[in-house]
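The following dialogue works through several structural features in turn.

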Amino acid sequence: TQVIYFPVSKTGDYNIPSTMISILQNAFRRCSRIASIKIPTPVASIGVNAFYSCSSLTFIVNPRSINLIKEEALNYCSDLKTTFITKK
């Protein structure tokens with residue numbers, strides 16, 4: 001139920017499975033080839049540096065269920081242009 005690690009060699013867009021409830025610290029760290037991530041509604045928390053240095057990331061969707069985004073979760077995402085964070 002937790003995203004622990006995502007392979008840095010993966011490319012393109014990624015949809016986190018709807019069975020996940022949290023994205024742990026450093027889960028997507030240095031995944032510089034991933035372009036976008038869609039986070040499903042069950043996910044409630046995003047850990048420290050979860051997307052650290054995802055330099056090609058341009059789009060991320062956060063569902064209404066997220067109640068905690070830890071510090072530096074999107075640090076060094078230099079191409080990040082759009083982030084949607086919806087409130088309950």
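Q: Is Glu72 buried, partly exposed or exposed, and what is its relative accessible area?

A: The coordinates come from a predicted model. Under 20% relative accessible area a residue counts as buried and over 50% as exposed, with partly exposed in between. Glu72 has a relative accessible area of 46%, so it is partly exposed. Glu72 belongs to the loop between strand 7 and strand 8 (82-85).

Q: How is the pairing of strands to be read, and what is the order of strands in the open sheet?

A: Strands of a sheet pair through backbone hydrogen bonds, either parallel or antiparallel. Here an open sheet of four strands runs in the order 1-3-5-7, and the pairing is parallel. Its edge strands, strand 1 (2-3) and strand 7, each pair on one side only. Strand 3 (residues 22-23) pairs with strand 5 in the parallel sense over two bridges, and Ile23 stands opposite Ile46 in strand 5.

Q: Which residues does Ile23 touch, leaving aside those up to four places away in sequence?

A: Nonpolar side chains tend to be buried together in soluble globular proteins. With residues up to four places away in sequence left out, Ile23 touches Val3, Ile16, Phe28, Ile39, Val43, Ser45, Ile46, Gly47, Ala50 and Phe51. The largest nonpolar core has 21 residues, and Ile23 is among those with the most contacts inside it, together with Ile16, Phe28, Ile37, Ile39, Ile46 and Phe51. Ring pairs also link Phe28 and Phe51 with Phe6 and Tyr14 into a cluster.

Q: How many aromatic pairs does a search of the whole structure find?

A: A pair of aromatic rings is described by the distance of the centres and the angle of the planes. The search of the whole structure finds five aromatic pairs. One of them, formed by Tyr52 and Tyr76, is edge-to-face, with 5.4 Å centre to centre and 70 degrees between the planes. This pair links distant parts of the chain, 24 residues apart: Tyr52 in the loop between strand 5 and strand 6, and Tyr76 in the loop between strand 7 and strand 8. Tyr52 counts as buried at 15% relative accessibility, whereas Tyr76 counts as exposed at 56%.

Q: What sits over the ring of Tyr52?

A: The charged end of Arg29 sits over that ring, 4.0 Å from its centre.

Q: Where does Ser53 lie, and which residues does Ser53 touch beyond those up to four places away in sequence?

A: Ser53 lies in the loop between strand 5 (45-46) and strand 6 (59-62). A relative accessible area of 17% places Ser53 in the buried class. Not counting residues up to four places away in sequence, Ser53 touches Arg30, Cys31, Ser32, Asn75 and Tyr76.

Q: What does the side chain of Ser65 reach?

A: The side chain of Ser65 reaches the backbone oxygen of Val43 at 2.5 Å. Ser65 is in the loop between strand 6 and strand 7 (68-69), and counts as buried at 16% relative accessibility.

Definitions and conventions:
Residues are numbered from 1 along each chain as its sequence is written. This is a predicted model: local features need pLDDT of at least 70, side-chain atom pairs count only at pLDDT 80 or more; totals for chains, interfaces and linings use all residues. Side-chain values use heavy atoms; hydrogens and water are left out. Buried means under 20% relative accessible area, exposed over 50%, partly exposed in between (1.4 Å probe, protein chains only). Contact means heavy atoms within 4.5 Å. A polar contact is a pair of N or O atoms within 3.5 Å; within protein, one must be able to donate a hydrogen and the other to accept it, and residues adjacent in sequence count only if both atoms are side-chain atoms. A nonpolar core is a set of buried Ala, Val, Leu, Ile, Met, Phe, Trp, Tyr and Cys residues joined through side-chain atoms within 4.5 Å. Two strands pair if DSSP finds at least two bridges between them. Rings of Phe, Tyr and Trp (its six-membered ring) pair if their centres lie within 6.5 Å; planes under 30 degrees apart count as stacked, over 60 as edge-to-face and the rest as tilted. A charge sits over a ring if NZ of Lys or CZ of Arg is within 6 Å of the ring centre and within 35 degrees of the ring normal.
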